[in-house]
Amino acid sequence: MPIYLSGEIKETVPKLKLDNLTPRQIVAELDKYVVGQANAKRAVAVALRNRIRRQKLPPEIAQDVLPKNILMIGSTGVGKTEIARRLARLANSPFIKIEASKFTEVGYVGRDVESMIRELTDVAVDMTKQAAYEEIRERAEQNVEEKILDILLPSSNNYSFDNDNSLDLEEKLQPNRTREKLREQLRRGELEDRLIEIETQDRSNTMIDFVGGQGMEEMGVNLRDMMGNLFPTKTVRRKIKIAEAKTYMLRDEQENLIDMEQITRQAIESLENSGIIFLDEMDKIAGRESGSGSPDVSREGVQRDLLPIVEGTNVNTRYGMVNTEHILFIAAGAFHVSKPSDLIPEMQGRFPIRVELESLTLEDFKRILIQPKNSLIKQYQALLKTEEIILEFTEDAITTLAEMTVSINNNTEDIGARRLHTLLEKLLEEISFLGSELENKNQILDSEYVKDKLEELVKDQNLRQYVL
Ligand SMILES: Nc1ncnc2c1ncn2[C@@H]1O[C@H](COP(=O)(O)OP(=O)(O)OP(=O)(O)O)[C@@H](O)[C@H]1O
Ligand SMILES: [Mg+2]
């Protein structure tokens, strides 16, 4: 029975690469989820593609090709974060989205900006590890199978019969036969409920988690690792069903098979060359020092701390030094109150590509309601479907909804597509409440229904301000 050992696995772990998508394909992919905003999508797609192009250059040039960071400007609810979210799933590269407003200047209580690099490193290591787990999954599963068979049929039954002449060949082969029979049953899933006793590593380091909670990580120290060495992982014996045992054993087996050092190396390489950080709420840290005692002081401080990271510096993480020079930064903000020119000049220069997201139009709202994969309406339909309610919107209902959205956005505050959430919630309140109690399982909502439910609210200035 072959049991694979970690030494046998060499460069099988795939190198993490940015998807081989062309800019056009990236835009097409984003189009499935985000309506309009062609410029922003293009800019992001080109930036992504340029990372791949750079990696094909000879090292002397590649070293000097720095990423062109992007600043996305657009009022609230027009899809800035949505683009980032979709990009994250799309780009097969280490990616984090983080609010710039979360940080505080070094020396103050709170998160310092370097913590985002540490976070990104964790993401990269995890990604690489998951990829490696997949790569060795088959071997690990084979090992698990053998181990389960060993438990079901302990090897004492398996002793060598070679010198035992009292048994004929038939009987000598018996244990092997039993083993193969069990194997077949196991594969057919017939033994899933049988209880076996296994030894697994105890991962419930609750005490350590408690001690090393938030804040410790900020110091760049990994308490868990330190404590982990002090208290080596316990193994626990437990009696569980084979079905469940398989999951535990598989994880243990995968952990044994991978080479953590190699994974860390690959992860850092991949993050240094293709990591992306999305800095949301960038406008919240714009604003320069304006007299003593104002909260703006620390905003500028945060910007100053950010500068070296965006420009390229080495950050100490628990996996080693990480160079940030080629990490792509995409910043976004509404910039209503502050302007990009309120960022300190050095910072402005670090984000050479500016894209403006357009305000959403009536047509956009209509499309946002129905077009994207998992659009709002599709979500409600799916939710109600669980109670056998078929929800349908007529075309004029959609138009009316979009018109109302535009009208409210114009008359109160413009919160973009977010308005659709509040409107729809209100519109479907009754249907959602009654749910399965509804007599008529086929709910067709037309323009009349929408007006009936919402028109009063939209007209009444006071009500509108609170409810919608
Ligand atoms: N262009 C769009 N296409 C599809 N959905 C959109 C679009 N714009 C906004 N939405 C929807 O509206 C909601 C809010 O959008 P998002 O979070 O992207 O806003 P934002 O631009 O980041 O705003 P803020 O400045 O307030 O952070 C999301 O649920 C998103 O699905
Ligand atoms: Mg946002």
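1. Axes are lines fitted to C-alpha atoms, for helices over the stretch in contact, and angles run from 0 to 180 degrees between N-to-C directions. Helices are DSSP runs (H or I, at least four residues), numbered from the N terminus.

2. This is a predicted model, in which local features need pLDDT of at least 70 and side-chain atom pairs count only at pLDDT 80 or more, while totals for chains, interfaces and linings use all residues. Residues are numbered from 1 along each chain as its sequence is written, with chains lettered from A and ligands numbered from 1 in the order in which they are written.

3. Helix α18 (residues 418-427) and helix α20 (residues 447-459) have axes that come within 10 Å and cross at roughly 120°. The two helices are therefore oblique to each other. Their crossing is right-handed (the near helix is turned clockwise from the far one by less than a right angle). Leu423, Lys426 and Leu427 of α18 make the contact with Val450, Lys453, Leu454 and Leu457 of α20 (contact: C-beta atoms, placed from the backbone, within 7 Å). By class, this contact has five nonpolar, no polar and two charged residues. Ala, Val, Leu, Ile, Met, Phe, Trp, Tyr, Cys and Pro count as nonpolar, Asp, Glu, Lys and Arg as charged, and the others, Gly among them, as polar.

4. α20 also packs with helix α17 (residues 395-411): the axes come within 9 Å and cross at roughly 15°. α17 and α20 are therefore roughly parallel, and their crossing is right-handed. Residues in the contact include Leu401 and Met404 of α17 and Val450 and Leu454 of α20. By class there are eight nonpolar, three polar and two charged residues.

5. Helix α6 (residues 137-152) and helix α11 (residues 242-257) pack at about 125°, with axes 9 Å apart. That angle makes α6 oblique to α11. The crossing is right-handed, and the contact has eight nonpolar, two polar and five charged residues.

6. Where does ligand 1 lie? Domain 1 (13-128 + 264-356) and domain 3 (362-467) both give residues to the shell around ligand 1, so it lies between them; the domain bounds come from an automatic or database domain assignment. Of the 18 residues around ligand 1, Thr76, Gly79, Thr81, Glu82 and Ala417 come nearest (C-beta atom, placed from the backbone, within 6 Å). Helix α4 (residues 80-90) gives the most to this shell, with three residues. By class, the shell has seven nonpolar, eight polar and three charged residues.

Definitions and conventions:
Parallel < 35°, antiparallel > 145°, perpendicular 65-115°, else oblique. Contact = placed C-beta atoms within 7 Å.
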